[in-house]
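Please examine the sequence and the structure shown below.

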Amino acid sequence: MRNGLRTWTSEETEYIKANYINTSADDIGKVISRARHSVYNKAKRLGLSGSKWEKFRDYSFFSGEQRGWLAGILDGEGWIGIDKRSKRITIQVNNTDCKMIEVLAFLCGGNCYAGKKAKNEKWKQQYVWVLSRRENVVALLNSILPLLVTKRNAAERALAHVSGCNERT
């Protein structure tokens, strides 16, 4: 124990490395007796999860099925927007399925976190994935743009906004 915190064992670390892509942080935490956020943060430190500080991501390696899945999730649960003050483009997905949000962060980078506590105790906890690094948002939107249906106009506006900003600088 270090500063009152349990240190990670090599067995726990290896278990996370072997299972993080296919198992939720919550399920891994149950197996190794750790909190979901601890597992997620450890996975981030191991490079198994996206981070807002990471460098440019190349989405060209995504298969057609992965692009279709991403486009479907974004069309159904997502938001593409431009912040009025900072002019930053952002992709955001809210959902009650923590595993789906973690997979988005793993595949695409960005951040995921638990959203606001539900007002009604019968409602499920919301989880949020956010991608806001300009280069990554542009690359991801260009990768899935042909497959978007309901969010196509928002994606095209965001891409036009970015190209307009680039022309001015």
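**The cavity and the sheet**

By class, the residues lining the largest cavity are nine nonpolar, no polar and no charged; Ala, Val, Leu, Ile, Met, Phe, Trp, Tyr, Cys and Pro count as nonpolar, Asp, Glu, Lys and Arg as charged, and the others, Gly among them, as polar. A cavity is a set of points, on a 1 Å grid over the protein atoms alone, where a 1.4 Å probe fits but cannot get out, and lining residues have an atom within 4 Å of a point. The lining consists of Leu70, Ile73, Leu74, Ile91, Val93, Leu104, Trp129, Leu140 and Ile144. Two or more of these residues come from each of α4 (64-77), β2 and α6 (134-144), and α4 contributes the most, with three residues. The cavity holds about 40 Å³ of space, a volume being the space filled by probe spheres set on the points, which are joined across faces, edges and corners.

The model is predicted: local features need pLDDT of at least 70, side-chain atom pairs count only at pLDDT 80 or more, and totals for chains, interfaces and linings use all residues. Residues are numbered from 1 along each chain as its sequence is written, and side-chain values use heavy atoms, with hydrogens and water left out. The pLDDT, which is the predictor's confidence in each residue from 0 to 100, averages 84 over the chain. Over residues 50-55, however, pLDDT stays under 50.

The helices (H or I, at least four residues) and strands (E, at least two) are DSSP runs, numbered from the N terminus. Four strands form an open sheet in the order β1-β2-β4-β3, with antiparallel pairing; two strands pair if DSSP finds at least two bridges between them. Because β1 and β3 (111-114) stand at the edges with a single partner strand each, one side of each has no neighbour in the sheet.

Strand β1 (residues 78-82) is joined to β2 (residues 89-95) by five bridges, and glycine 81 stands opposite threonine 90. These two strands form a hairpin with six residues between them, and lysine 87 in the turn has a positive phi of about 65°. Five bridges also link β2 to β4 (residues 127-131) in the antiparallel sense. Here asparagine 95 has tyrosine 127 in β4 as its bridge partner. Helix α5 (residues 98-108) packs on the sheet and touches β2, β3 and β4, where contact means heavy atoms within 4.5 Å.

Key: On a 1 Å grid over the protein atoms alone, a cavity is a set of points where a 1.4 Å probe fits but cannot get out, and a pocket is an open set with protein on both sides within 12 Å along at least five of seven lines; lining residues have an atom within 4 Å of a point. Axes are lines fitted to C-alpha atoms, for helices over the stretch in contact, and angles run from 0 to 180 degrees between N-to-C directions.
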